[in-house]
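Please read it beside the sequence and the structure.

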Number of protein chains: 2
Amino acid sequence: MTTILPIAVDAMGGDRAPGEVVAGARQAADELGVPVVLVGDPGVIGDAAGLEVFPASEVIGMHDDPGAGVRRKKDSSLVRAAEAVRDGRASAMVSAGNTGATMGSALLRMGRLPGVSRPAIATPIPVPGSTPTVLLDAGANADCKPEWLVQFAQMGAVFATERYGLEKPRVGLLSIGEEETKGNALVKETHALLAAGVPGVEFVGNVEGRDILTDDIDVVVTDGFTGNVTLKTLEGAMKFMRDAVFGAMVSTDEAVKASEVLLPILLPLAEEMDPDSHGGAALLGVDGVCIISHGSSSAKAIVNAVRVARDMVEQRLAERLAEAVAPA
Amino acid sequence: MTTILPIAVDAMGGDRAPGEVVAGARQAADELGVPVVLVGDPGVIGDAAGLEVFPASEVIGMHDDPGAGVRRKKDSSLVRAAEAVRDGRASAMVSAGNTGATMGSALLRMGRLPGVSRPAIATPIPVPGSTPTVLLDAGANADCKPEWLVQFAQMGAVFATERYGLEKPRVGLLSIGEEETKGNALVKETHALLAAGVPGVEFVGNVEGRDILTDDIDVVVTDGFTGNVTLKTLEGAMKFMRDAVFGAMVSTDEAVKASEVLLPILLPLAEEMDPDSHGGAALLGVDGVCIISHGSSSAKAIVNAVRVARDMVEQRLAERLAEAVAPA
């Protein structure tokens, strides 16, 4: 086991903070063999479960304006967590808090990796029976330039290789048809750049929304607006279907009985699709490791986020990303 | 029953043409009390099931370039169908063929309604227990201007009112957060225009992908790129879940037996979510009625598409749309 600096967990971030977050951080420290520190207000955290606390008196709330929050709340848990990474007191930060403010803190305090135009959020989307599909940008940059998307392709490929052991991850560009003539102006320009050949990117052409949940593709590149809409559309559809199916199962006494047979088959699938089982999204392109866990993260989600953070630190992912985007 | 001009069905369009299309057209004529004509090559159609055929010797294939197809194949079924509407020999056109070429034919031959900047594809997305959510633009315009989206909002509201009897359909703008500061440049500018007040539009602000399958919203406005990606993402997620659930049901003998109880509960839901049960998408903003059915349309899908076409003709929807976008 490599000895690494502690992973800084934002104890104030997320709908279930600090309780679930502290519990998850403690569990991660116990199970993953990695030091974990909490960042936040010791008075609010209360029982830190024996973990060290890096004090921070302020909180950027879930609905606070991210830009203003990061600028004004210099003693917030998010800003302090990012500073801990910058200053070499932590190897990574993990937060289930305000996504925009997490990005902003990481970007402002850690800075960008050399050569990276814009960091992007890489979200692994579980695909049962296959490795997850990595979608990026999942929301960091609402308006993008073609050159940024090319870098997202490079960073996404590195991420898929390191995290899922894929030697040559297949990278697709999210569009509205397979043909290179399909898409908006951004996609058509990006397609031309990727098709011309980009080091480290196995470009397989345009893909569509229906390809994401298949094993036909490993990395899906898109702008942060489309990526975020896509992600939330997927979440909505999954929730709808899950509610419909489990609703049917309890709709009559007979159905409840019949479900006793089907639940053991369907529950592992639901578990595999559960975002808590994965480890949140990674902000790729900042000079450090930053994991963004979803707002309703449970202790389990925090454990998995810390696990991903640890892996990324051990794999020296930031270095790999910088190498990937460096001009040949 | 109003006497209307015949509805022109593109007999050559779709993966299952002409067989299923002709069968659906015949069934529609029998069941809906509306005259139906086929458009296509009589030699290929073969048995026209007693329906009149407007002859057209060419076909724009599913994978042909739409622009080139419409320009070069002047005797194609799609171009001839659109001309029949323009010339007053048909009241509406229905096609399950090449979507881009269907749009192109309608736009070039019927022309735009006065005042409409760009026609948009309005796709009703089934929401069990509620009226469908109308998503537009679902793919006609990959790059949009804010003013076009404002017109999409107006046209979508008219469509939802006429089709689903909603007095004041709630119109949302698809974005990546509810706050007006969230979104890309297009969405932020559009939000400002809609929030300032637009006649006929009950604007409820930004909505997210996860809101589409709920009864919280009636019309979702977006550019044609995002709309098409969203639609196909929804389709992919639904297919994935359907396959997973029905796969679980046949995975063991015990499961098959248990499913006998659950299937009667789940099948009506699957039926309600089935695009064949609805009636395709409508191209709003052209000077006539044009229904775009999905490529794999069955006879049932064609019947429902003709039904929607008939309703739109009887409701004089094109006139209503022109009124809606006319300057106050």
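1. In chain A of this predicted model, the axes of helix α1 (residues 19-32) and α10(A) come within 7 Å and cross at roughly 50°. Helices here are DSSP runs (H or I, at least four residues), numbered from the N terminus. Axes are lines fitted to C-alpha atoms, for helices over the stretch in contact, and angles run from 0 to 180 degrees between N-to-C directions. α1(A) and α10(A) are therefore oblique to each other; angles under 35 degrees count as roughly parallel, over 145 as roughly antiparallel, 65 to 115 as roughly perpendicular and the rest as oblique. The crossing of α1(A) and α10(A) is right-handed, meaning that the near helix is turned clockwise from the far one by less than a right angle.

2. On the α1(A) side, the residues that meet α10(A) include Val21(A), Gly24(A), Ala28(A) and Glu31(A). Their partners in α10(A) include Ile302(A), Val303(A), Val306(A) and Arg310(A). Contact requires C-beta atoms, placed from the backbone, within 7 Å. The contact of α1(A) with α10(A) has 10 nonpolar, 2 polar and 5 charged residues. Ala, Val, Leu, Ile, Met, Phe, Trp, Tyr, Cys and Pro count as nonpolar, Asp, Glu, Lys and Arg as charged, and the others, Gly among them, as polar.

3. On numbering and confidence: residues are numbered from 1 along each chain as its sequence is written, with chains lettered from A and ligands numbered from 1 in the order in which they are written. Because the model is predicted, local features need pLDDT of at least 70 and side-chain atom pairs count only at pLDDT 80 or more, while totals for chains, interfaces and linings use all residues.

4. The end C-alpha atoms of helix α10 (residues 299-314) of chain A are 22 Å apart, which agrees with the 22 Å that its 16 residues should span at 1.5 Å a residue. The expected span is 1.5 Å times one less than the number of residues. Buried residues of α10(A) include Ile302(A), Asn304(A), Val308(A), Arg310(A) and Met312(A). A residue is buried if 20 or more other C-beta atoms lie within 10 Å of its own, exposed if 12 or fewer, and partly exposed in between. Just after α10(A), Arg316(A) takes a positive phi of about 50°.

5. Between the chains, 42 residues of chain A are in contact with 41 residues of chain B. On the chain A side, α8 (224-249) and α9 (253-273) are the elements that give two or more residues. The largest share, 19 residues, comes from α8(A). By class, this side of chain A has 24 nonpolar, 10 polar and 8 charged residues.

6. Within 9 Å of each other, the axes of α9(A) and helix α8 (residues 224-249) of chain B cross at roughly 150°. α9(A) and α8(B) are therefore roughly antiparallel to each other, and their crossing is right-handed. Leu262(A), Ile265(A), Leu266(A) and Leu269(A) of α9(A) make the contact with Ala244(B), Val245(B), Ala248(B) and Met249(B) of α8(B). That contact divides into 8 nonpolar, no polar and no charged residues.

7. In chain B, Glu162(B) is placed in helix α6. Glu162(B) counts as partly exposed, because it has 17 C-beta neighbours inside 10 Å. Leaving aside neighbours within four places in sequence, Glu162(B) is in contact with Gln315(B), Leu317(B) and Arg320(B). Glu162(B) and Arg316(B) are 154 residues apart in sequence and 9.5 Å apart in space, C-alpha to C-alpha.

Technical notes: Two residues are in contact if their C-beta atoms, placed from the backbone, lie within 7 Å.
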